Amino acid sequence: MARGNLTDEQWTLIEPHLPIAAVGPVPDLRKHFNAVMWRFRTGSPWRDLPGEFGPWQSAYDRFRIWATQGVFQHLMEAVIAEAAARGQVDMGLVSVDSATARAHHHAAGTALDPVQLEALEKAVEEEKGLQKGHTAQDGGPDDPARAERRERRRRHRARLKAAELGRSRGGLTSKIHLAADRCCRPLAFVLTPGQAGDSPQFVPVLEKVKVRGPAGRPRTRPESVAGDKAYSSRRNRRYLRRRGIRAVIPEKVDQAANRKKRGSKGGRPVSHDVDLYKERNTVERCINRLRNWRGIAFRFDKTPQSYEAGLHLCGAMLWLRSIAPQP
């Protein structure tokens, strides 16, 4: 068995969650799955896939089918459910954080679907209509060259947004927002452009936490949620309080000063368990484990669906190797 490939025990847990066509020859799913893992572990181009995995085009086509159908997200949820059935999931504390992934220049240039292009054209026409009535001058509002440059920039921003890419001084980046349990295993992912803030994604990440049990509804409410000062906002604390979740989030200095300045109208002082907050490092260690796969540490995929599929695949393997470790 090649390094990093699935063991027989691990494959037994994964195989039932990989769909195949109702007609036609049965493909070698295990070989294709190992090929996808190899690609994200090494960050290599699909064309450089070793011959032991078969034709690279077959493995890539299989991956795109699985990524489009959400198979990897379903697989991660299924492995978490298996861990829950074995009593290996601790929902006592869930930690939330984010990590930035630098995008390779090959990740840029994703194609927009016709619906997005039509919406973009409509926005351009509406903006042109708002500018009617101005006089045309060199470099003025109705200057054709300037209007063309504006339209080109709008299209460029729309493509970056569709690809979940952001631009900073470091170049193109994507940001991974995630929640992790006490054993440094991911529970949910949210992908945004690199310049997106952490606090607005706090609720979307927690809304994706679902731990299915043998019976009944999935468990979606942890006992406590830990986060750094970036998540200290009234909206986030109100959300946790409404759901009966204990907030382990320190207060920002300026927020504390603001509250004291308002006196009795500022509300009660914010407190959190200092000892419990020390366990927040589990999410940072989880990020380090994800970055052991070069295809996750750096983004080489043009579409956000492909990169998210790699995230869920890596997360599923972290869970799988904790309940069925390799010899």
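A salt bridge is taken here as a side-chain nitrogen of Lys or Arg within 4 Å of a carboxyl oxygen of Asp or Glu. Twelve such salt bridges are present in the structure. The model is predicted: local features need pLDDT of at least 70, side-chain atom pairs count only at pLDDT 80 or more, and totals for chains, interfaces and linings use all residues. Residues are numbered from 1 along each chain as its sequence is written, and side-chain values use heavy atoms, with hydrogens and water left out.

One of the salt bridges pairs K175 with D198, at 3.3 Å from N to O. K175 belongs to strand β3 (residues 171-180), while D198 sits in the loop between β4 (186-193) and α7 (202-207), so the contact ties together parts 23 residues apart in sequence. Helices (H or I, at least four residues) and strands (E, at least two) are DSSP runs, numbered from the N terminus. K175 is buried, at 11% relative accessible area. D198 is buried as well, at 16%. Buried means under 20% relative accessible area, exposed over 50%, and partly exposed in between (1.4 Å probe, protein chains only).

R185 and D181 form a salt bridge at 2.8 Å, N to O. Both residues are buried.

R246 bridges to D273, with the closest N and O atoms 3.1 Å apart. R246 lies in strand β6 (residues 246-248) and D273 in the loop between α9 (253-261) and α10 (274-277), so this pair links parts 27 residues apart in sequence. R246 is partly exposed, at 44% relative accessibility. D273 is also partly exposed, at 24%.

Salt bridges also link D90, R182 and E279 in a network.
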